[in-house]
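These are my notebook entries on a structure I looked through. I wrote down what I looked up and what came out.

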Amino acid sequence: MVTFVIEKKDSTKAVYRYYPEDNRDSAFGIISICLENKEASIDKVAEEDSLYRTSADE
């Protein structure tokens with residue numbers, strides 16, 4: 001389970017802190033969502049998380 005906490009939001013962007021496994025004792029990650037085009041990006045990977053990029057074919 002992952003826990004999201006809103007950091008800030010305006011008319012164009014929402015920024016969330018996220019905690020894998022709701023572990024608030026480790027460093028959180030940061031996710032931004034552009035509200036205009038609905039695209040999300042990981043700005044900072046949480047300490048207890050990992051980032052893997054794969055293609056749609058994989």
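I began with a term: a salt bridge is a side-chain nitrogen of Lys or Arg within 4 Å of a carboxyl oxygen of Asp or Glu. The model is predicted, and local features need pLDDT of at least 70, side-chain atom pairs count only at pLDDT 80 or more, while totals for chains, interfaces and linings use all residues. Residues are numbered from 1 along each chain as its sequence is written, and side-chain values use heavy atoms, with hydrogens and water left out.

Entry 1, the salt bridges.
How many salt bridges does a search of the whole structure find? I noted 2. In one of them Arg 24 pairs with Asp 22, and the closest N and O atoms are 3.0 Å apart. I then looked up the accessibility of both residues, where buried means under 20% relative accessible area, exposed over 50%, and partly exposed in between (1.4 Å probe, protein chains only). Arg 24 is partly exposed at 48%, and Asp 22 is partly exposed at 34%.

Arg 17 forms a salt bridge with Glu 7, with 2.7 Å between the closest N and O atoms. Arg 17 lies in strand 2 (residues 13–20) and Glu 7 in strand 1 (residues 2–9), so this pair ties together parts that are 10 residues apart in sequence. Arg 17 has a relative accessible area of 22% and is partly exposed; Glu 7, at 46%, is partly exposed too.

I looked up helices (H or I, at least four residues) and strands (E, at least two), which are DSSP runs numbered from the N terminus. The protein has 0 helices and 4 strands. From the N terminus the order is β-β-β-β. The C-alpha trace spans about 35 × 30 × 15 Å along its principal axes.

Of the 58 residues, 21% count as buried. Taking a contact as heavy atoms within 4.5 Å, I found that residues 24 or more positions apart account for 15% of the contacts with a separation of 6 or more. I also looked at Lys 38, which is found in the loop between strand 3 and strand 4. Lys 38 is exposed, with a relative accessible area of 70%. Lys 38 and Ala 14 are 24 residues apart in sequence and 10 Å apart in space, C-alpha to C-alpha.

Accessible areas come from the Shrake-Rupley method with a 1.4 Å probe, and for residues only the protein chains shown count as cover. The protein exposes about 4600 Å², and carbon and sulfur atoms supply 47% of it.

Patches are made of residues with over 30% relative accessible area and no salt bridge; like charges are joined within 9 Å, nonpolar side chains (Val, Leu, Ile, Met, Phe, Trp, Tyr) within 5 Å. Lys and Arg count as positive and Asp and Glu as negative, with His and the chain ends not counted. A charge is placed at NZ of Lys, CZ of Arg, CG of Asp or CD of Glu.

Which residues form a negative surface patch? I listed Glu 21, Asp 25, Glu 47 and Glu 48. Glu 21 sits in the loop between strand 2 and strand 3 (29–34) and is exposed at 62%.

Ile 42, Val 45 and Leu 51 make a nonpolar surface patch of about 220 Å². Leu 51 is in the segment after strand 4 (39–44) and is partly exposed, at 41%.
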